[in-house]
Structures are given as structure tokens and as C-alpha cells.
Amino acid sequence: MVIAMHSLAQMEQIVNLEMKLGESLAKFVELEKKRLDKIKQFSKSVKEATDQVKTEGMKSIENPATSYAIIKRFANGWTELSKFLDKDYANDLQELLKSNKWQFPTYSEDLIGAIAALFRLQDTYNISTADIVNNNIQGCVPAPKLLAEDCFDLGTLAYRAGRYGQAREWLNMADELTRGGRHDGGVNHTELLEYLAWIEYVKGNPERSLNLTLELLEMAPHSEQAKENVMHYKKAAEEGTHDSPDQIKAKKEEINTASFTSSEYATLCRGNTSKSTPQGNLICWYQGRKNPLLMIRPIKVEMVWRKPRIFIFRDLLSTAEANRIKEVATPRLKRATVFNKHTGELENVNYRVSKSAWLDNEDDEVVARVNRRIGDVTGLEMSTAEPLQIANYGMAGQYEFHLDFGEPGSPLDVSPNGNRIATVLLYLNDVSRGGYTVFTRAKTFVSPTMGDAVFWYNLKKSGKGDYETEHAACPVLCGNKWVANKWIHTRGQEFRRKCSLNPDK
């Protein structure tokens, strides 16, 4: 028999080897089970998300939490899935993943950007974490429920960014969801409690820090770090906390956040004009009775502000025209840039989050037609105007307050066609919520309505810049926003707009 050929010592070695192999096999089976469970969980979340799109249509992606969830699934979920799959039985799916990898949002840029966008929306629109998690954002369609893992990720990143108030909200929500079973097993509860205890300490609540750490110690009784933290938080609770660098930062962050939330910009973005100066009688009329091209279809003009004078051209373009312009612009869209007056270069910046493209009359007949109509309704020369700039603002897309005209000595100011005398801002779609154009010095706003256009003069009749025209594009809360900018220059307007020697006019 084969067994007789081996000594007892050799048999013991074989048995020991088999024991190791058995343990290794058991680990392999357990890992495969966990892998399958993770794939099942991911498949379930994908099905829930796609079912919602089938039910709600593309309107479902207007909720910022939905946008965040989609980006996270590609930046994390689908990317991790490609590593899990075995070529032997998943060639088709793996090939699909590989061939489309270039389209995947990334973790370092897109997912982190989506998280920063959520924080920006919370600050601007004063939205609580609970409202986002529980789908209580007015004007947004329901989004897939966020899990404890999402809240933990958002909380830890908020902490690293120095956003202590939001970090506490998101980590508290992660703790609540973990205790309620709303997670997929990816949250280490002891790590969560450790983060939350530290945040509470930084925010000046050592008693809660102590209670959380005592609970953590029950889960991990051998944790030396937890034991040290218990002593630290107990001492702080008894003697009071001394302002550490983190606590000083937390207090400054709280003041800065409160200041921003109540700022003129954020207040106007929320639609509050209670601090605005009364404007007296504002009028409206039909424009075009003296223009043969507008006689049959005159444009409805509404004055919405007197100083500076801001007008809305109602229904300046049709839905079909707006859709055609978006269609032509879409393949040309690139991340929008701004001019750095110190370096003389165009660059990407966090205060302008959008993608843009430029269209000339030659690019499409509709573009030429809309440009002609702008000239007709404003009465200004269009041959020296800039091409039509199309901008698309997605999740939390914004452009912080700025002026359209060039400061003295800037490239715009010394342009051969002169400075930007006027701006026409056309809205190419309706926005479910957010995305207002706010005039921060005038303390008023215009809400985006498909087909309407806002018009104002950037320069006074004296040629001086009108600083009252400072404006901003508020973050898009729900949906996305398409606009077209037409910047009209001074050259050619000599006989179309009367000059003034008075610098104040």
C-alpha cells in the first residue's frame, strides 16, 4: 500500500500540509463568498438605480445625491468589479469594462469633486445632511438611499477638508444608519466611533467624546489607543477643554460657514431679496414695432431692475432653437477657463464649474438666426460681438461673482473691438431648482427660464465700467443648466448708443 511507503514522520508532515491547505481552501471559499456577496450587493444597487431611471426618466438624475451615487458607482463600484471578475467566465463584461474605461469618472477628480459639490450645495442652500439622506430636497426627484458607507466617506473627507460641522453631521448620520442596519457591511464601526469622538472633542463636546469612546472600548477592549483616549476625554470633560489648534480651526470654520450661509450671494441664491432696495415702478412692453424683422413677432421685454438697468427678453428663442444649439455645442464642450490677470494665462478654477463651447454663425443656421435676433432686439451692432458661448452647468455648477467687462489695461479693455459694452444671457433650458443669476451689488436675481434672455449694459454711457453689474451663477441644486452668452463690444455702437461726458452715467 502506498501508506506503508511513508514513515510516521512523513505522514505527520502530509497531515500538517493538508491542514494548512484546508485552512487556505476555507479562506479561499470565504473570500469567494464575500466576493459574490459584494457583487450581489452592487448588482442590487445598480438595479435600484436603473429601475428608478426607467420609472422617472432622465429627470431622476436631477437630484444631486443621484449624481453623486452615479459617479461613485463608476469611480469605485464598476472599477472594483473589473478587478473581481475572472476572464474565464466574464470575458464579455470585462471587455466592455476595459473598452469603456476612458469614460469612467475617477476617484481623485470626479468623486472628490462630487463630494465637494455636495458640501457647496449644503452651504449655499442651507440643506441639512438628514434632508439629503432622507430625500427631502424640495424640487428634486427622489434619489437612491445613501448608505452608512456613503455618509462615512463624506464625513471623513469633510474632516480632512477642515469642514468640521459637516463632518459631524455626516458621521452622526453614518453612526445612525449603521445602528439601523442601513449599510452593506463596509463600515468599521469602531473606526467610525473614533472619528466621531474626535470631531465632538474638536467641536467642544468632550462628554460625548468620552461616551462614544467608552462604547468603542466595549467593542475593542484591547485597544490601547481607545484606553488613552478615554483618559484624555475624561480629563477634558472634568477640567474643560483648552483651545487646541484643531478647536481654534473648528471655531473659525463655524464662523466662516455661518457668514457664507447668510451672505448676500447665498441669500440671493435661495431667492431672498428682502434686503433689496425698492425700485419703484418697473415696466414691460413689446419691442420691435419699428423693426421690420420683429413687427410680426415682437419681443416681450420686462424691466426687472433700474440701477443697473436689467431687462428680460421673454421667449427670445424657441425650444427647438435652444435644443439645436445644445446639440451643436455638446461635442465641443470643454472645462470652462478664466483669465488670470497675474499670469496672463487661461486656467481652470474652482469658482467656475462648468463646460463651455464657442459657436459662430457659420456653425449652424440657428446660431446665425439667434445672433441676428439679438441684434434686432438690442439695437446693437453684432459684427464686432464675440461668438456665442454655450455653457453647461451640471451638479453644483456655478460661477462666483464677477464682472463681464475688462478692467483698465486688461486684454478685454484694449481689445481691437473695444470692451464688452453689453451682455445677453440666454437660458436654453428650465432648471428644477437653483442656478439663479444673481446680481450681488444690486441685490436681485433672475431665475432661469427656457427661452428667456437677460440683458444689461456692462459699461456706462461714459464708457466707464459699471460695477453694479457684478453678478454670479448660483450652484445648480437639482437638474442641470444650459446658457448661451453673447458679449457685445463697443466698436460699431457709436451711433447706436449715445455717449455721455458724465462719468456717473
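UniProt positions are given here in the numbering used for this chain, with feature names shortened, and such annotations may be inferred rather than shown by experiment. With that in mind, an unreviewed UniProt entry puts "domain: Fe2OG dioxygenase" at residues 384-490. This is a predicted model, where local features need pLDDT of at least 70 and side-chain atom pairs count only at pLDDT 80 or more, while totals for chains, interfaces and linings use all residues. Residues are numbered from 1 along each chain as its sequence is written, and side-chain values use heavy atoms, leaving out hydrogens and water.

**The annotated stretch**
- Residues 384-490 come out as 0% helix and 44% strand, with the end C-alpha atoms 8 Å apart. Helices (H or I, at least four residues) and strands (E, at least two) are DSSP runs, numbered from the N terminus.

- Nine strands make an open, antiparallel sheet in the order 1-2-3-15-11-18-9-8-4; two strands pair if DSSP finds at least two bridges between them.
- Strand 1 (284-287) and strand 4 (334-335) sit at the edges with a single partner strand each, so one side of each has no neighbour in the sheet.
- Helix 13 (residues 319-329) packs on the sheet and touches strand 8 (355-359), strand 9 (388-393) and strand 18 (481-489). Its direction makes about 100 degrees with that of strand 8 (axes are lines fitted to C-alpha atoms, for helices over the stretch in contact, and angles run from 0 to 180 degrees between N-to-C directions).

**Strand 9**
- Strand 9 pairs with strand 8 over 5 antiparallel bridges, where Lys 355 stands opposite Asn 392.
- Strand 9 also has 5 antiparallel bridges to strand 18, with Ala 391 opposite Val 483.

**Lys 334**
- Lys 334 belongs to strand 4 and is exposed, at 63% relative accessible area.
- Apart from neighbours within four places in sequence, Lys 334 is in contact with Ser 354, Lys 355 and Ser 356 (contact means heavy atoms within 4.5 Å).
- Lys 334 and Asp 364 are 30 residues apart in sequence and 19 Å apart in space, C-alpha to C-alpha.

Definitions and conventions: Buried < 20%, exposed > 50% of the residue type's maximum accessible area, 1.4 Å probe, protein only.
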